[in-house]
Amino acid sequence: MVALRSYVNGDWHVPSDEGAPLHDAVTGDEVARVSSAGIDMASVLEHGRSKGGPALAELTFHQRAALLKALASHLREHREELYALSARTGATLADSKFDIDGGIGVLFSYSSKGRRELPNDTVYVDGSVEALGKGGTFVGQHVCTPLRGVAVQINAFNFPVWGPLEKFAPAFLAGVPTLIKPATQTAYLTHRLVELMVESDLLPEGSLQLVCGSVGDLFDHLTDQDLVSFTGSAATGQRLRAHPVVAANSVRFNVEADSLNCSVLGPDAVPGTDEFKLFVKQLVTEMTVKAGQKCTAIRRALVPEHLLDDVVEAARERLARVVVGNPASEQVTMGALASLEQREEVRRSLKALLEAGTLVHGDPERVEVVDADAERGAFLPPLLVRCADPELPQPHEVEAFGPVSTIMPYRDADHAVELARRGKGSLAGSVVTADAEFARKVVLGAASRHGRMLVLNSRNAKESTGHGSPLPMLVHGGPGRAGGGEEMGGIRGVLHHMQRTAVQADPDTLTAVTGQWVTGSQRNTADQHPFTKYLEDLRIGDSVVAGPRKVTLEDVQHFAEFTGDTFYAHTDEEAARANPFFEGKVAHGYLVVSFAAGLFVHPDPGPVLANYGLENLRFLTPTYPGDEITVTMTAKQITPRVNAEHGEVRWDVDVTNQNGDSVAKYDVLTLVAKRPEEQK
Ligand code: NAP
């Protein structure tokens, strides 16, 4: 049996010893051998820092996003092969899709978010400019730049594809190279994933490395610029977080650990309601997907005390339909655990749980399996525990990382919250109810001990992604026992890999540093009208100043009649005067904005293709009939689109009156053409 190779220092490394065997979760046959013997961990980190980091730094966020999309498409073409290997980890096809399609979905999602929410640049400007002095010559703003280290990603065995990809996507987008260390038990699947990623030839050298087996002395070589994202047990997480080098160098360390997630059934959800059925169905799904080896799975089902027996009965009925066995068999709905060791671990944890309750479904020592050998494969049936006394500690403390859940009663909403919180920090919780008031009590009461909370009812059930699915646009992670970390959460996950730096300077310098025009810095008005310039010719600071235009009472009356906006402040002198903010009839804000457009526009066909919105619009001073307005419009941010014939231009607009006071400020968003091929 060949040992898995690691991808380090730009090459595939063959271990220098024969490695330890990995076994098929279903048949017990040896699948591969694993070892990291012979790898110089210091040089692996250095390779990432010296090759991967600089190569990524040459690419803008949009270019990296385009590569993520191409990579996702490449992996999608090889899904079948990954599914087949995934079956050897004990996963059914549905489980494999959860892991593999879910991981590819994260790449797509980050690619699209990167293009929509990040600039086509290498620096991310965070938040608006802060005035730091009265005269406007001293201003501040935050910028985010990538850490110049390696994102070391240590994964758990249960998601060999989703785990690495959900960490890789935001790191890559941020411009930080990745080193994947898969959990040994299922490393053969991650290994094939990385082979496919490398074979795609899309990724800059050094931006992705893989170490199969132990990480050896890698932690000794971490610097302040490296990060660690750990997923696994709380015990390992704690040990690694306490590593002296991590502490000494303040290495950014994210932990996703085990958690005792709960699902609460609302008192309104009595038998016969949609919510009752949804609760039971979701509970059984969470127990059986990935054979319950899901960090977000429901470990504690909290139900109103008078419904305890009804829920137990309904759950047992549904669990009786679960077919355990070889995931390759079509009738099988729950596969094997990842290894025999894992099965032993679950049996041990179940024993502890049974000190607090009784088993009402399943026997940990006996399971009927389809198309497999129940002893050679790591099979267990779904195991449901009924615990009549929810004050006992075990259900809130013992995680049986398999198809195991405990049902417990609660008295009222406050009691449900108290019990939910006894998990001491969970990744996910759910409340199944149609009663919004009950949902509010539980969500807000339990939120500080949860990373994510789902309210499920018949109104959202069809579209709901369910209790156990982390989504790339929302954070995944939880406080306390769950590790205190956060992953993904859209652009938040990208920024996690970057350093936020407050830059204090004069406006001209800040414009130069951020690449975005800042109020108070130089404008160029001497040139041609900026609307006549193609994207490549336009410069930050290019401006047009137009006006003045007098706003008359007739204009205001006409606008009121024409649009139907006859709000009293524009039409009734007496009522307007009685308003605490006005001295009489005022012009509509929208009239001011429309006149401003009439002033700054360059009407002929040209490079400006469309106006697609306004942002940050504020009306600052009333405009009265007789006032004269002037508009100053300045190119603030220029974002060429990759693979398109146009880009986006954000313009700063300041409308002032005859006294020089700003009456309206906003950003105009336009699409501007790149120079046509024949004029290049
Ligand atoms: P584990 O034993 O803690 O292992 C997790 C990872 O840490 C593996 O890759 C493991 O590598 C590695 N590791 C162990 N000791 C290490 C060391 N001294 N230095 C560097 N790396 C080390 O956890 P597991 O049993 O694989 O995973 C199950 C647990 O993970 C469950 O408790 C589950 O709740 C949790 N989990 C949490 C999440 C989440 O997102 N929060 C997701 C999935 C699972 P080896 O395999 O080579 O030992």
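## What counts as a pocket

A pocket here is an open set of grid points with protein on both sides within 12 Å along at least five of seven lines, and its lining residues have an atom within 4 Å of a point. With that in hand, let's tour this predicted model.

## The largest pocket

The largest pocket holds about 1,200 Å³ of space. Its lining counts 44 residues, and nearest the centre lie Gln516, Asn616, Lys636, Arg650 and Asp667. Elements giving two or more residues to this lining include α4 (93-117), β6 (139-146) and β23 (608-619), while β5 gives the most, with seven residues. Sorted by class, the lining of the largest pocket has 15 nonpolar, 14 polar and 15 charged residues.

## The ligand's pocket

Where does the ligand sit? The space it takes is the second largest pocket. This second largest pocket has about 670 Å³ of space and a lining of 30 residues, with Phe230, Thr231, Gly232, Ser233 and Thr236 nearest its centre. Helix α7 contributes the largest share of that lining, five residues.

## Around the ligand

The ligand is surrounded by 25 residues, and the closest are Asn155, Thr184, Ser233, Thr236 and Glu399. Twelve of the shell residues are nonpolar, eight polar and five charged. Here too α7 gives the most, with three residues.

Now for some individual contacts. Threonine 236 places a polar side-chain atom 2.6 Å from an oxygen atom of the ligand, and histidine 476 has one 2.9 Å from a ligand oxygen atom. Taken alone, the ligand exposes 910 Å², and the protein buries 80% of that.

How values were computed: Residues are numbered from 1 along each chain as its sequence is written. This is a predicted model: local features need pLDDT of at least 70, side-chain atom pairs count only at pLDDT 80 or more; totals for chains, interfaces and linings use all residues. Side-chain values use heavy atoms; hydrogens and water are left out. A residue is near a molecule or strand if one of its heavy atoms lies within 4 Å of it. A polar contact is a pair of N or O atoms within 3.5 Å; within protein, one must be able to donate a hydrogen and the other to accept it, and residues adjacent in sequence count only if both atoms are side-chain atoms. Accessible areas come from the Shrake-Rupley method with a 1.4 Å probe; for residues, only the protein chains shown count as cover. On a 1 Å grid over the protein atoms alone, a cavity is a set of points where a 1.4 Å probe fits but cannot get out, and a pocket is an open set with protein on both sides within 12 Å along at least five of seven lines; lining residues have an atom within 4 Å of a point. A molecule sits in a cavity or pocket if more than half of its atoms lie within 2 Å of its grid points. Helices (H or I, at least four residues) and strands (E, at least two) are DSSP runs, numbered from the N terminus. Ala, Val, Leu, Ile, Met, Phe, Trp, Tyr, Cys and Pro count as nonpolar, Asp, Glu, Lys and Arg as charged, and the others, Gly among them, as polar. Grid points are joined across faces, edges and corners, and a volume is the space filled by probe spheres set on the points.
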